[in-house]
Amino acid sequence: MKIHKYDTVIVGAGGAGMRAAIEATKRSRTAVLTKLYPTRSHTGAAQGGMAAALANVEEDNWEWHTFDTVKGGDYLVDQDAAEILAKEAIDAVLDLEKMGLPFNRTPDGTIDQRRFGGHSRNHGEAPVRRSCYAADRTGHMILQTLYQNCVKEGVEFFNEFYVLDQLITEVDGVRTSAGVVAYELATGEIHVFQAKAVIYASGGTGKFFKVTSNAHTLTGDGQAACYRRGLPLEDMEFFQFHPTGIWRMGILLTEGARGEGGILRNKDGERFMEKYAPVMKDLASRDVVSRSIYTEIREGRGCGPEGDHVYLDLTHLPPEQLDAKLPDITEFARTYLGIEPYTDPIPIQPTAHYAMGGIPTNVMGEVLADNTTVVPGLYAAGEVACVSVHGANRLGTNSLLDINVFGKRAGIAAAEYSATAGYVDLPENPASFVQEQVERLRNSTGSERVSVLRRELQETMDANVMVFRTEQTIKTAVEKIAELRERYLNVSIQDKGKRFNTDLLEAIELGNLLDLAEVMAVSALARKESRGGHYREDYPNRDDVNFMRHTMAYREVGADGTETVRLDYKPVVQTRYQPMERKY
Amino acid sequence: MATPVLEKAEAGFADSPYITVTFRIRRFNPEISDEAVWQDFPIEIDPKERVLDGLHKIKWDVDGSLTFRRSCAHGICGSDAMRINGKNRLACKTLIKDINPEKPITIEAIKGLTVLKDLVVDMEPFFQAYRDVMPFLVTKGNEPTRERLQSAEDRERFDDTTKCILCAACTSSCPVFWNDGQYFGPAAIVNAHRFIFDSRDEAGEQRLEILNDKDGVWRCRTTFNCTDACPRGIEVTKAIQEVKRALITRRY
């Protein structure tokens with residue numbers, strides 16, 4: 001075991017982690033621990049753009065953007081945070097441009113902007129051009145630009161280090177972050193990082209679904225590490241299903257395709273979104289479009305022999321426009337489906353895409369231990385966190401924005417904290433939890449296989465807690481997850497070595513997914529209403545009287561060692577906007 | 001090693017899309033042996049699936065010790081460059097049907113970088129070469145309040161080289177890089193190109209001097225392996241030629 005000491009430790013090197021690192025490195029001795037090489041992070045898969053009311057191509061302002069964000073999130077958004085997001089968006093985009101990001105340009109040479117789902121002029125009048133973009137590679141460009149600037153600033157990376165535990169020490173009765181424990185993939189060695197400040201920026205948890213746009217590595221490691229140490233997870237029942245994933249594979253096809261004029265059609269060729277969202281049509285918010293697609297499929301208007309998908313039609317758009325604005329997604333259709341998007345519509349289905357919930361933070365990125373108490377020295381930003389700027393449903397282009405605005409805020413706040421704070425004593429035997437976990441898995445002779453349990457988990461999640469949910473389906477999921485958690489205790493791995501043991505890490509990742517799937521299902525069961533991405537067929541309406549509140553889920557361990565999820569609730573911050581019925 | 005056995009999935013259906021394919025994989029684990037060996041795995045797979053899907057079938061159902069890097073699984077993270085049937089490709093962007101599944105499909109680590117285990121190589125020299133070319137925008141003077149202006153034409157000038165995902169498929173396909181690890185390699189030159197030809201950048205001369213080094217751009221022998229290998233369709237050799245021309249003319 002090795003012990004390291006840093007002022008600031010950042011967990012994860014996607015957009016939020018590297019944006020934080022650029023700030024923190026200037027101000028404090030910083031280490032970034034990342035389970036992937038930084039440029040492998042899933043920020044690079046984001047396509048369509050980053051929202052900011054630059055008003056480069058038409059009238060726009062941050063207040064309209066705030067309203068759209070609040071409405072898009074079905075009023076579960078904390079409105080003070082949404083206002084910060086929309087206001088700071090403008091500088092966040094300009095910062096990236098100055099760092100070198102090659103945005104598409106207008107004829108005047110300014111940053112070009114395009115339409116995106118849920119973004120409107122003047123509170124819903126019509127779609128507005130707010131998304132700043134670089135073809136359909138905006139996430140790739142953000143990830144590359146941030147990495148380039150990390151190289152410039154000399155950020156210190158520990159690549160292929162898996163953070164598996166959060167260390168917490170009580171200081172005068174206050175739970176305080178003391179550091180993290182990481183596993184080095186190359187050698188199998190365990191490292192303790194003592195740090196004054198820790199920032200989680202480790203991304204989402206989409207791999208508990210089968211059809212997902214998420215990378216294999218998005219297994220909720222940060223959320224699970226904090227949850228296991230008694231910290232809450234907020235709004236985990238809210239998961240976004242992106243309307244246009246490649247049929248069966250789930251690979252993302254950007255909403256920018258519809259922003260450029262693409263149309264969704266059913267088997268009769270009907271532009272069905274006109275029925276569900278007369279104003280915004282194909283550019284309604286993602287939850288609305290995904291439900292509409294599944295309604296078409298359920299009512300027998302799906303495409304293909306099994307009627308299990310619909311079409312994204314780009315055939316009316318000029319090939320030059322597809323080549324210039326959507327080069328990557330058209331190539332995905334050619335590569336994976338053998339389809340030419342110039343002439344043929346692309347089969348799509350909703351795909352599990354984004355966790356609105358996560359580790360609760362305030363607008364400074366400080367992690368909360370309950371509804372109000374901050375955990376000194378602990379920060380989170382990006383998809384791992386829940387500020388909450390996305391509420392019950394995130395708008396497209398607001399996540400690339402979120403990572404930049406709140407990544408920067410967390411980086412500054414953490415470094416400023418570590419400039420004045422002292423080191424907190426490490427707990428006794430700080431690495432013991434990870435050591436035991438690793439040894440148990442390495443030595444286990446159990447009969448269960450990781451891949452089997454993971455497949456069963458993904459199948460039950462797809463079947464029971466996806467776009468449509470009922471009490472019965474969620475209960476089925478809760479029971480199945482409990483069974484899988486039990487069987488997980490009997491899991492074994494084949495690779496017993498120390499070197500690059502990805503077999504071992506996949507087993508640990510599965511444990512994280514199981515913990516988080518349970519939190520999600522239990523949170524969903526208790527929310528007896530429909531709001532944003534959480535749609536209950538048995539409670540089809542939003543219920544502001546009983547459920548205009550954030551879910552806060554805590555892990556409870558009974559005297560006999562049994563684990564349960566305890567739910568509590570936190571009020572929503574409302575400032576300018578009164579809840580209204582949501583129409584697009 | 002024991003012969004792997006596979007569960008018969010979907011057997012007996014006349015219209016099953018599954019075919020049997022042999023993956024012949026170059027295995028290496030210094031914890032077990034200093035020698036690398038070829039190992040055959042017969043797998044049942046839909047030919048429309050990816051090579052990565054086949055590797056996962058082996059890892060998840062047959063031999064958990066098979067080790068490779070992967071993440072996004074659709075060609076944008078750059079984790080899974082490997083040598084498939086003797087050619088550098090991304091495993092997640094290569095469909096079984098496109099690489100003659102009648103014969104065993106050979107899969108080995110990319111060349112020119114030290115193999116650490118199975119298909120995993122030491123990427124550090126590759127990233128060091130990248131860092132050495134100053135892969136970041138350098139500007140002088142005061143920053144503007146708003147964005148820097150750039151015409152669509154100036155933006156287009158370096159569009160191709162912004163697509164690089166640092167997968168190392170190009171660099172590890174280059175015979176000069178295989179023979180001399182000191183050569184910067186195509187990926188580093190591509191990333192230098194991305195800034196040299198960016199109208200906003202003011203460090204082109206410095207980068208050109210770095211690439212004028214004996215281990216720099218003149219080592220390129222124009223074999224086009226890099227262009228063939230690039231999973232992003234970047235015209236790598238052309239980019240290298242443009243850098244060479246800029247060194248001669250000092251115009252870019």
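Predicted model: local features only at pLDDT ≥ 70, side-chain atom pairs only at ≥ 80, totals over all residues.
Let me begin with the core. The largest nonpolar core has 263 residues, and those with the most contacts inside it are Ile199(A), Tyr379(A), Ala381(A) and Ala521(A). By nonpolar core I mean a set of buried Ala, Val, Leu, Ile, Met, Phe, Trp, Tyr and Cys residues joined through C-beta atoms within 7 Å. A residue is buried if 20 or more other C-beta atoms lie within 10 Å of its own, exposed if 12 or fewer, and partly exposed in between, with C-beta atoms placed from the backbone. Helix H15 of chain A, residues 502-526, gives the most to this core, with 15 residues.

Residues are numbered from 1 along each chain as its sequence is written, and chains are lettered from A and ligands numbered from 1 in the order in which they are written.

Chain A as a whole comes next. Chain A has 16 helices and 22 strands; helices (H or I, at least four residues) and strands (E, at least two) are DSSP runs, numbered from the N terminus. The radius of gyration of chain A is 23 Å, close to the 25 Å that the globule rule gives for 584 residues, so chain A is as compact as a globular protein of that length. That radius is taken over C-alpha atoms, and the rule is 2.2 Å times the number of residues to the power 0.38. The C-alpha trace of chain A spans about 65 × 50 × 50 Å along its principal axes. Of the 584 residues, 64% count as buried. Among contacts in chain A with a separation of 6 or more, 76% come from residues 24 or more positions apart; a contact requires C-beta atoms, placed from the backbone, within 7 Å.

From the record, the UniProt annotation "domain: FAD-dependent oxidoreductase 2 FAD-binding", in an unreviewed entry, covers residues 7-400 of chain A. UniProt positions are given in the numbering used here, feature names are shortened, and annotations may be inferred rather than shown by experiment. The end C-alpha atoms of residues 7-400 lie 27 Å apart, and the span is 28% helix and 27% strand.

Now to strand E17(A), residues 374-380. Here 5 of the 7 residues are buried. Which strands pair with E17(A)? Strand E9 of chain A, residues 190-200, runs parallel to E17(A) and is joined to it by 3 bridges. Strand E16 of chain A, residues 366-368, runs antiparallel to E17(A), with 2 bridges. Pairing requires that DSSP find at least two bridges between the strands. A hairpin of 5 residues joins E16(A) to E17(A). As for Ala381(A), its contacts include Ile199(A), Gly365(A) and Phe406(A), not counting residues up to four places away in sequence.

Strand E14(A), residues 346-355, is mostly covered, with 9 of its 10 residues buried. Strand E11(A), residues 239-246, pairs with E14(A) in the antiparallel sense over 6 bridges, and His242(A) stands opposite Thr351(A). Strand E13(A), residues 310-313, also pairs with E14(A) in the antiparallel sense, over 3 bridges; there Leu312(A) has Ile346(A) as bridge partner.

A further sheet in chain A is open, with 3 strands in the order E3-E5-E4 and antiparallel pairing. Its edge strands are E3 (50-51) and E4 (113-121), each of which pairs on one side only.

I turn to chain B. How many residues of chain B are in contact with chain A? There are 38, and they meet 41 residues of chain A. Elements giving two or more residues to this side of chain B are helix H1 (51-61), strand E6 (115-117) and helix H3 (152-157). The residues on that side divide into 15 nonpolar, 11 polar and 12 charged, where Ala, Val, Leu, Ile, Met, Phe, Trp, Tyr, Cys and Pro count as nonpolar, Asp, Glu, Lys and Arg as charged, and the others, Gly among them, as polar.

Finally, helix H5(B), residues 186-196, has 11 of its 11 residues buried. What covers them includes helices H2 (124-132), H6 (204-211), H7 (225-229) and H8 (236-249) of chain B.

Methods
Contact = placed C-beta atoms within 7 Å.
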